[in-house]
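Colleague: I'd like to learn how to read a few features off a model. Can you walk me through them?

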Amino acid sequence: MRLETLRGLTLAGLLLILFGAAPTATAQIPHQTSLQEFDEAFRLYSDGLFAQAAVAFSAFRADHPSDIRAADALYYEAESRLGAGETARATELFRLFQTEYPTNDLANKATLALGQYYYEADDHARAVETFSDYLLTNPPPDQGARALYWMGESMLKTGRESEAVTFFQRAADEYSDADVAPTALYAVAFTELRRDNYAEAARALETLSARYPSSPFAGNSGLTLAEVYYELGEYRRAVAEAGRRAEYLSGTEQQRAFFLLAESHNQLRQSEDAIINYRRITEHHPDSPFYRRALYGLGWNYYFEESFQWAADEFRKSAENHSDELAERATYYEAVNRKLASQVPEAIALFRRTAEEWPGGSMEEMALFELGATLYENRDWDGAGAAFDRMLSRHPDGALSGQAFNLRASTHVARGNFADALADYDAAISRAAVDPAIRDEITFQKAWLLYRSDSYMSAIPAFQEIRDNDPNGAKAEEALFWLAESYFQTKQYDEASRHFVQYLRDYPNGIHGDAARYAIGWTYFKQGRYADAADQFERFLARYRQQDSFVPYREDARLRLGDSYFALKRYSDAVRVYRLAAADQNDYAQYQVGNAYKNAGDFDSAARAFSALLNDFRDSGWREEARFSLGDSYFQAQRYDEAVEAFRALIAESPADPLAPKAQYAIGDAYFNTNNLDAAISAYRVVLERYPRSVFAGDAASSLQFAFVAMDDEERADAFVDSFAVANPGSPVVDQLRFKQAEVKYQSGRADDALAAFQEFIRAASDEDLIPEAYFYVGSIFRDRRQFTEAESYLRQIVISNSSHPRKPDAADVLGQIYLEQDRSQEALTMFREFRTLARGDERQMSRARYGEAMALLQLGQADAAEVLLRESIEGGSSSAYAVPAMLGLARVYDDAGRFDDAAQAYNRVVSQSPDEQGAEALVRFGRMLLRQNKAAQAVEELGRLQVLFGGYPDWLARGYLVQARAFVALGTTGEAARTYDILIDQFGDYPEAAIAAREKSAL
């Protein structure tokens, strides 16, 4: 409630108290004639005929200068001049009066009259100056008080309220016995109320009542003082003051007292007393100016008492048939209470009515917000969204805009509009910055939406922001857990485990404790840290070992524990854990029991476990895998007949299953292993005919060829391929068969036959994956024969093609080697760099590419650059095996530079670490270096290991025998030299080293 009583008043009434009609002054009885003249002049003055009065008084003074009434005539002439508007002349006369009659009683009154005249003329500066000068004369108390009072009034007129209060207060305090003192105190209260200084107003009124209890102002200040106490928030004092006055009041003033009592009790939350006083008005004074506000107050107090139906009814009556602001507020609060009374449709209608009937009103934003919230709570997503749309369009930066954006985001989520939801969450966060609790809640909702929509990378900083803003906030625990989960989903397992561990440390009894312990095990499992995973899952399960009730994640934790033991090859532990889960009817666990036994080599136990799954879990999704694994267990145990039976059962039960072609292929292998080659061929043919597009078709084609080779029946193999091609025109299997024909010939060492077969395949085939494979084989055969031009023509077709065939890097590698052998150094450098690009980060291929680059640089005379490149390759590799080519390259750099000790150390490292072609090359080059150093005996000794260590690389064997023969020559043992030349000529006649050996032998 706001005070209106004193604010509407002026001090005009006070003037009537202070000033009445001007008194006359008669000290002696004048002469009769002069008395008549004076009376006639005074009559004119009293009748307001100031101009005539001034002339009459002036004439009187001229005619009777020594008359006892001359002083009075001068005074009243001055007043008459004022009344006639002759201010200057009046001022002269008042000053003359003060000069000639300083001790006259009217002297003070003259000055006051002059000051009052200036006040009435709105010349407040001169009024204050006049009163101020007057106070310097030490006037009588009543006159001094009046001067200060009028100075205060002048200050009020000019808006200088603080100075006005000072003058009023001086009048009351310095002249406390003056007649005007109570009026001055009341003026202090009046002015302080205008300035909303309720405490000062209260003190003035309290002083007035205490100092002047019989003053009419004190009698009228009682209810005003109560209202001041109300404004000060001193509601108990307001109750006491208003209650004391109410019984002595009547009419509107008494109703005002009842209303003030009710409002004060309302503020004190004394609803019972508030209701009593409100009802004194609502039940007995329906025409009172306080009636509607009393109904409004009743509504609030019924609300406080949780009588929501009654509250709504009172608010309705307060608004009824009105459209002012009070009606707007009452309608809104009726809606609030209808909602609380579960009258939701009525509440929705009233919220909507508030917004529509009072657009731009003080309650519009709240009404639209509550309308949207209520519709949202009742799952009317479209209606809620429309309400929030309207609210945010009209109040985009309102106090409730942050919450509205948040709820509208939720309506978008409910309708699947995730992009719009994220935009609204961002807007909500930006507007809720002043309230950390709301900001964190909205930020969490945004982060949670990002997580739900699989935007885990975006969810991470959102959850982290909540933690950073307030680590102890209401959403901090949830944010930490889901932050860890987001890291897990993005495969950042180190960060995930770190945050899960932090969650358990910060919230040991947190709501996600079980999930965090379980998830830590998963992070270790995903990283391949199976020992840590097993330990964590064991810890997790140990917490619930004695419980029979449901425990979240327990079954899955058992399975992952079993999987961890399985990965660690601790098969007996895996079986133990899997059996516990299988006892709870988990078919995957039963399947893994069989796999654990199988991997441990206990094929009989494995077969029993797979059979148990087939018998006990008729509807299992692992039946096909179990049947195949059962057959595979029999196969591994060399129980081939039972294996074939199991594989056939799988095919019969699930002919369309992806494992069916694998089972059919395994049947062929079972027959092959029992040397039943005809049956094997028949089984392989079924794979080709029934499952031509299966990944096992190529294996079947290859195995078919080997079966014919094992039967030493190549004609039959060729006939089969030809007949199959005729019977299955256009089948992709035909190309696979013909390719495998050529590949088998190559792998069996029949290079000429393989070359002819691959070239025929290239002419006839259409398989885009196999043709580049054939090109590579043909190019490799020509390269082995040192037919570099032909080799290059085939290999370049692979490298320059637009495809991403997996043979591209290999083709670039071989081409680079060909260029090196032909001393085409720049072309070799370019090709090996292309090889590095094609390797796409594959460490093995990258190391070979750098080796080739370094050799090309070496040929170009850039030994330093070659060394830098090779050292970078060695230092950057994660595996010593991938550093072998670079080490071989370094050995060659050292060799060429004459750093023989470093070269020897590097060659020996390659020989010891690489059992393949690189090792063979290193050993031959080491022998050559020793021979150049005149260490022929050591060269013979080192090269003596070549046949034993690298017998599968004939081109390097040929080169090694040539170096060894030359070492024997250097030692003078021509017989050993001749024998070594003969071995080279006899066993490697197709290699160029054989021709060199023949020439050198003839020169012995």
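Modeller: Start with helix α39 (residues 696–710) and helix α40 (residues 714–727), whose axes come within 8 Å and cross at roughly 150°. Axes are lines fitted to C-alpha atoms, for helices over the stretch in contact, with angles from 0 to 180 degrees between N-to-C directions. Angles over 145 degrees count as roughly antiparallel, so α39 is roughly antiparallel to α40.

Colleague: Which residues make the contact?

Modeller: Contact means heavy atoms within 4.5 Å. From α39 come L704, Q705 and F708, and from α40 come R716, A717, F720 and V721. They divide into 5 nonpolar, 1 polar and 1 charged. This is a predicted model, where local features need pLDDT of at least 70, side-chain atom pairs count only at pLDDT 80 or more, and totals for chains, interfaces and linings use all residues. Residues are numbered from 1 along each chain as its sequence is written, and side-chain values use heavy atoms, leaving out hydrogens and water.

Colleague: Is S914 buried or exposed?

Modeller: Buried means under 20% relative accessible area, exposed over 50%, partly exposed in between (1.4 Å probe, protein chains only). S914 has 3%, so S914 is buried. S914 is found in the loop between α50 (900–913) and α51 (917–932). Leaving aside neighbours within four places in sequence, S914 is in contact with V884, G919 and F950.

Colleague: And where is S497?

Modeller: S497 lies in helix α28 (residues 493–506). S497 is buried too, at 8% relative accessible area. Not counting residues up to four places away in sequence, S497 touches T523 and Y524.

Definitions and conventions:
Helix = DSSP H or I, 4+ residues; strand = E, 2+ residues; numbered from the N terminus. Parallel < 35°, antiparallel > 145°, perpendicular 65-115°, else oblique. Nonpolar A, V, L, I, M, F, W, Y, C, P; charged D, E, K, R; others polar.
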